[in-house]
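Me: Could you take a close look at one part of this model for me, the salt bridge, and tell me what surrounds the story?

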Amino acid sequence: MTVVEKAAYLKGLMEGLGIAPDSKEGKLWGALGDLLSDMAHEIEDLQATDMDHAEALDDMAEELSYLEDLVCDLDDPEDFDDYDDKDCDGNCCACSCCEDEDEDEEDVDQELEYDGVIYDVTCPVCGEEISFDEETLEAGSIQCPACGETLEFDLSEDED
């Protein structure tokens, strides 16, 4: 029996007592019955809302778990090979299709374990932060992976 059904049952019992509705006692019992009925409906509405929120929270937890699995899989360099190259739009950094096809796995592992100096610059056109090594700096330029702008580096020393 639901809370609303119990309140209706008690209201019926109060009416069955034979108390005159216009008497002081009848007015009191009538008001208590109405209050009990209103409270029962409010409780039922709160329970329904709580169930809706619980379902929505469960759905979000499942989606978050799915996203965590995706992100955690990308943290392991060995999983980069499992990435479906056909879905790549060229703007990612986790799949093998964005790297030179001539590189083998050893080169990729060496890049991930690089112990040299890493330089960071911000592209003046799109604001993308780009990281590169000393070899790239010595080459004199790099192309922004986000917008394609060529960034040039002047390593010559100015003499006054």
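Reply: Happy to! Read along the sequence, the pattern is α-α-α-β-β-α-β-β, which gives four helices and four strands; these are DSSP runs numbered from the N terminus, helices being H or I with at least four residues and strands E with at least two. The model is predicted, so local features need pLDDT of at least 70 and side-chain atom pairs pLDDT 80 or more, while totals for chains, interfaces and linings use all residues. Residues are numbered from 1 along each chain as its sequence is written, and side-chain values use heavy atoms, without hydrogens and water.

Now to your part. A search of the whole structure finds one salt bridge, meaning a side-chain nitrogen of Lys or Arg within 4 Å of a carboxyl oxygen of Asp or Glu. The partners are Lys11 and Asp34, with their closest N and O atoms 2.7 Å apart. This pair links distant parts of the chain, 23 residues apart: Lys11 lies in helix α1 (residues 3–16) and Asp34 in helix α2 (residues 24–75).

Of the chain's 160 residues, 12% count as buried.

Helix α2 also holds Leu28, one of the residues in a nonpolar surface patch with Leu17, Ile19, Trp29, Leu32, Leu35 and Met39.

Terms used:
Patches are made of residues with over 30% relative accessible area and no salt bridge: like charges are joined within 9 Å, nonpolar side chains (Val, Leu, Ile, Met, Phe, Trp, Tyr) within 5 Å. Accessible areas come from the Shrake-Rupley method with a 1.4 Å probe; for residues, only the protein chains shown count as cover. Buried means under 20% relative accessible area, exposed over 50%, partly exposed in between (1.4 Å probe, protein chains only).
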